[in-house]
Structures are given as C-alpha cells and as structure tokens.
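The sequence and structure are shown first.

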Amino acid sequence: MVNTKGLSKSPDRNWYAVTMAICTGFFLLMHLTFVGFTNDDVYFRDLAAMWDSVPALVVDRYLTDSSRVLSETILFILVQCPFIVWQLLDTLICILLCHSACVLLVNDKQKKENLLVLALFAIYPYMHVGSAGWICTSLNYMWPMATLTYVLSGAMRRIRGEKTAIWQYALYVPALVFTANCEMSATVLVFAGAYLLVRYFAIRKEPGPVIAAAKKDSGKVAESISAGIGFETAILIIGLAGLIFAMTAPGNGERTAMEARNWMPEFPDLNLFQKFRLCAVFVFEHFVMIPDVPFFLFSLLLLFAGWNPGNVAHKHAKRVQKISCIPIAIDVAFTSYYFVRDFLIGHKKNYDYTTPAIYLTEPYDTVVQIAELAAFGIYIAATLYVLWNLTLPLWKRIGLIWALGTGFAVRMALMLSPTMFSSWHRTLIFLYFAFLGDSFMLMKLCNGKKQKYLIRAVLIAGVIVNLILTVGLQIRKAG
C-alpha cells in the first residue's frame, strides 16, 4: 500500500526547481565552511609543483601508483588552483547527483517527493568525503557517485520508454567513462549493467499479459522494449573495461605492496577467511559503534514496511512482521552497547572509530567479533526476507536487493586490499546510497501520522548530525 498523502502533485508549483534551489544553497554554504587543502591534498599539491607537466605526472602515477588517470588529471589541476574552484565544482557535483536521483526516483517536477530525495542525500555523512583531503577524496568517490547516478537516470528514462536525445547520450558516455576509471564505481557499473540486461531479457521472454503488467508498473509511459539494449550493454562493457584497466595497471600492483608495508603489514599472512572476518566486522561496526542515522532510518523503514497491512501477502504477514523487527533490534542493541561501553563508562569524547583486532588473542575480542559476525549475517538475512516478501512489482524488489548487494559487495571487495581499514569509511559511499535509495522506496510503503512524524524527525536529526560533524570538524581545524 503506497501512501502519497502530503507528497502529491502540486500543479501550481515546480517542486523540482524548489529542490534544486535548496540543494544549491545547502551544499554551497556547507562547502564554504571547508578550510582548504588538508591531508593528502597538501601532498598532491607539493607533488604537482615538482612537475612541469600534468600529463607527464599522471603517466608516472599510472606506472607507479594509480590507474585513476582521469580523476588524477583533474586532481593535479585543481590542487594548483584556489580552493574556491573546487568548492564551486563540488557543489555542482552535488547538484548533479541530486538532480539525477530525482530523475531516477521521482521523474515528476510537480511532486514534493523531490524534496524527500534531497533530504535523504542531506543525511549522508559528508565528512567522509574529506577523510583523506577534500579534493582527492571527492574526485575518487563523490564525483564517480554523481556520474554513476546520472548514467543510471538515463537507463531509467529508457525503462520508462522516454525518448532520449543524441545530446543526452553524448553526456552519458563521458560520464560512463569517468565512472569506470575508479575501481569501486566501475564494479558498480558492472552490477548495474548486469541487472539491466537480465531484467530486459527476462521481461522480453514473458507472455504478453505479463509484459503489459510490467509496462504498467514502470510508470505512466509504457516501457519501450523495442528500444534495444545498446546503452545497457555499454554500461556493462565500459564497467568491465574499467576493471580490466585497473587490474592491469602497473601502478596498482606497486601501490598494494607499498600499502601492505605501511598500513597493514599483517595482510600477507592473513588467509581469506580472516580477511573476510575483519572486513565484515569493520563494516558492521561502522554502522553500530557510533549512532548512524541512514542505517537507523533504513532499519526503521524495514520495520514499518513489514508491519503495515497491505505491504505483504496475507499468508506471510505475521512472519514478515516478526522478522521485520530484527534489523532495528540489532542496530539498537549494538549501538546501545557501544554507547554505554565507550561514552558512559569509557568517557569517550571524540567522534571516531576503532579498528577490530586482527588476531583474536583475547577472549573478549573473540566473543565480540563472533557476536558481530552472527548479528550481521542475521541482519542481512532478515532484510532480504522482508524486501522479497513486499507486495512490490518483482523487478522493483529485485532492484532493491540488487542495490544493497552491490553496495555491500563493492565494500567487501576491499578485504583483498591492505587498505581495508586505512581507506576509512569513504569507501562505504555506495552502500550508503543503496540504503538511501531503498529508503526512498520503503517510505512510500509507510502510513499513519506517527510513522510519518517519526520519519521526518529522523531526517531532521540526520541533517543536523551531518552539519555538526562536517561543519564542526572544519571549524575545529580552522581554530
């Protein structure tokens, strides 16, 4: 049952334009609080000053350090410019991401749901984008996230049967190439392309009535199955090409060896299970060690969606209701434990994370990690069960699960790298946006004033937390 009360169309107002105006003001003002070159940006600025040519520097980096030649080309140009240049460009990137998400999820300028898209984007902890320096981190994570979303918005236009102009494809292609030049976003492209192609062929093989139903579910405009699969195939192929380019780049091998020496000397001695354990525990602790608003909101929405009548087939309703309680219970239980342990008992004052013990030599570490691995597995199983049993169209349910699986798989792939800890939490960006995108869909299954008020309260709290953590960190650095 979809609740659209309060988010209906307003023919006399362009809510998309309102959303873009608020988005521009919000992210521009936030960017203007950033103090300038920090961390790795300073290193890259000094490195650029030692070279007479940016192309020569990028080639040297390709041979000795990184395959991200496109983002690094922009990086070495920007670190030689006044910081305000990046601030303005990154604000435009945020606008592009919000615009693309509105097209992807709403696609109607007169719906207030556009504001909901912005609210979800605004609770993403933006401080992660500056974890290794604002410019270098944003170019490797936020910019590919924006171009990826832009590409997916084009794929959604095709699914809806909308006509796509040549000039739009002329923009989608460079966005695809830029996205594919970063390993993590290239992996997302592969997953996205695979989903789109599987969906296309599955629907095409269905009998006439099923195709008609699929068209109806896709929106007001009938799905254009005759449009072909050229764009979707390009997404998959360019994503694969990006991965191959990264895996064969000589600099990436050199970098891995250097990172093992500097960041995790134990890495070569760990077996595959130990690497999986450490990476999974690290991911789980990120969301529960310190209260995480997007994760809590997603868990809460799972509960609401599973409990509300009409969202689940009657024969599964009671079971889904019980299972939908599990994710929020796990989140609250572990977050409460760490709050009591670290803040009430340990008098912790800084908002930071610790990394899990690599070798389980202490009984306490063993018990905690086993408990967290078990809880994480149960959380994932409960989430999949609830999503699969919702009364949404089949390919929407698959899409919700596919998005979460992609975000999780991309982050877990870092278990093969000695930077599974030192890359910090910026590498969770794709899982974060999977949570946020799925949360948008789940909100449409919530009803009742109490649920709506609680959701709004969580969103407001998330925006405030984001501003405090991001802007407050910059104020402390400036002081």
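## Helix 5 and helix 6

Helix 5 and helix 6 cross in a right-handed manner; a crossing is right-handed if the near helix is turned clockwise from the far one by less than a right angle, and left-handed if anticlockwise. Helices are DSSP runs (H or I, at least four residues), numbered from the N terminus. The contact between helix 5 and helix 6 comprises 9 nonpolar residues, 1 polar residue and no charged residues. Here Ala, Val, Leu, Ile, Met, Phe, Trp, Tyr, Cys and Pro count as nonpolar, Asp, Glu, Lys and Arg as charged, and the others, Gly among them, as polar.

The model is predicted: local features need pLDDT of at least 70 and side-chain atom pairs count only at pLDDT 80 or more, whereas totals for chains, interfaces and linings use all residues. Residues are numbered from 1 along each chain as its sequence is written, and side-chain values use heavy atoms, with hydrogens and water left out.

The axes of helix 5 (residues 83-105) and helix 6 (residues 113-122) come within 9 Å and cross at roughly 130°. Axes are lines fitted to C-alpha atoms, for helices over the stretch in contact, with angles from 0 to 180 degrees between N-to-C directions. The two helices, helix 5 and helix 6, are therefore oblique to each other; angles under 35 degrees count as roughly parallel, over 145 as roughly antiparallel, 65 to 115 as roughly perpendicular and the rest as oblique. From helix 5, Cys94, Leu97, Cys98, Ala101, Cys102 and Leu105 meet Asn114, Val117, Leu118 and Phe121 of helix 6, contact meaning heavy atoms within 4.5 Å.

## Helix 16 and helix 17

For helix 16 (residues 363-388) and helix 17 (residues 394-412), the axes come within 9 Å and cross at roughly 160°. Helix 16 and helix 17 are therefore roughly antiparallel to each other, and their crossing is right-handed. Among the residues making this contact are Phe376 and Trp388 of helix 16 and Arg397 and Phe408 of helix 17. By class, the contact of helix 16 with helix 17 holds 11 nonpolar, 1 polar and 1 charged residues.

## Nonpolar core

Tyr126 and Met142 have the most contacts inside the largest nonpolar core, which has 139 residues. Such a core is a set of buried Ala, Val, Leu, Ile, Met, Phe, Trp, Tyr and Cys residues joined through side-chain atoms within 4.5 Å. Leaving aside residues up to four places away in sequence, Met142 touches Ile93, Leu97, Phe121, Tyr124, Tyr126, Val129, Thr137 and Ile429.

## Gln451

Gln451 lies in helix 19 (residues 449-478). Gln451 counts as buried because its relative accessibility is 14%; buried means under 20% relative accessible area, exposed over 50% and partly exposed in between (1.4 Å probe, protein chains only). Residues up to four places away in sequence not being counted, Gln451 touches Phe304, Asn308 and Cys446.
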